[in-house]
Amino acid sequence: TFTGLKLQGDIGKFGATELSDLTGFVELPQGQIVTGSEYGKLLLWEGVNVKCELMRQGDGVDSREMPHMGAVEGLLVLEEGEKATHVVSGGADGYLRWWKASDIELAEPDYDSGHLEVAIEMTKEVYIAREGGQPAHIMLIARSSDDKAWFLQDSENGCVWKFDPATDECSVILSAHAQAISGILTFPNFPGLAVTSSTDGTLRGHNYTMERDGEMFVTSYPGVDVLCMQIAP
């Protein structure tokens, strides 16, 4: 039997908005909730209902574009004192994008238009990708206590990026498999060596006798799912 306090939650109501799994969300100082979506829009919630779908202002007066191409999962609120200045979103397209918090807080849909889309201004963007590789799929944005460094979880390249918000410089500080680990081998003739395989198409060699920084090599097979490994006789 279940004992203790039971978590009580409300069911979100999408109404006319396309259904989506919601991974990332932030709460603004006035209590409004902003979430991402699987299809690239930012959603503004009022209570349990979607109030409007936030779009990127295009070149024309009535032009609207998707905030991101692909899922939006990483979200962050920037504040000065008790006032929110920007919402930062990170998407599967490799972009960090900055949006004015005031535009979001004041967003009101035109119900007579038959849709809930509201265009807001993007004030800044930074593109993050491996050199010669795929754009980052930003799943999470975390900040250091002094806000001098942000850490971005990238599920496409299997790494964690360190981002400097003052200079926009970004570097990889941790690498791993990007998808499920499908196998591991150890070698009697090479004590301490372990090789892991993954469905992301990579093999990684590790010196497991080291407490940290034990990765020795990475071999990649783009477009190939490595499903199993076997030591040759």
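A: C159 counts as buried because its relative accessibility is 5%. Buried means under 20% relative accessible area, exposed over 50%, partly exposed in between (1.4 Å probe, protein chains only). This is a predicted model, where local features need pLDDT of at least 70, side-chain atom pairs count only at pLDDT 80 or more, and totals for chains, interfaces and linings use all residues. Residues are numbered from 1 along each chain as its sequence is written, and side-chain values use heavy atoms, with hydrogens and water left out.

Q: How many disulfides are there?
A: A disulfide is a pair of cysteine sulfur atoms within 2.5 Å. By this rule there are zero. For C159, the nearest cysteine sulfur is that of C170, 8.4 Å away.

Q: Is V118 buried or exposed?
A: V118 counts as buried because its relative accessibility is 12%.

Q: Which residues does V118 touch?
A: Contact means heavy atoms within 4.5 Å. Leaving out residues up to four places away in sequence, V118 touches C52, E53, L54, M55, A107, E108 and P109. The C-alpha atoms of V118 and A107 are 6.6 Å apart, though eleven residues separate them in sequence.

Q: Where is empty space found?
A: Rolling a probe the size of a water molecule over the atoms shows where empty space is left.
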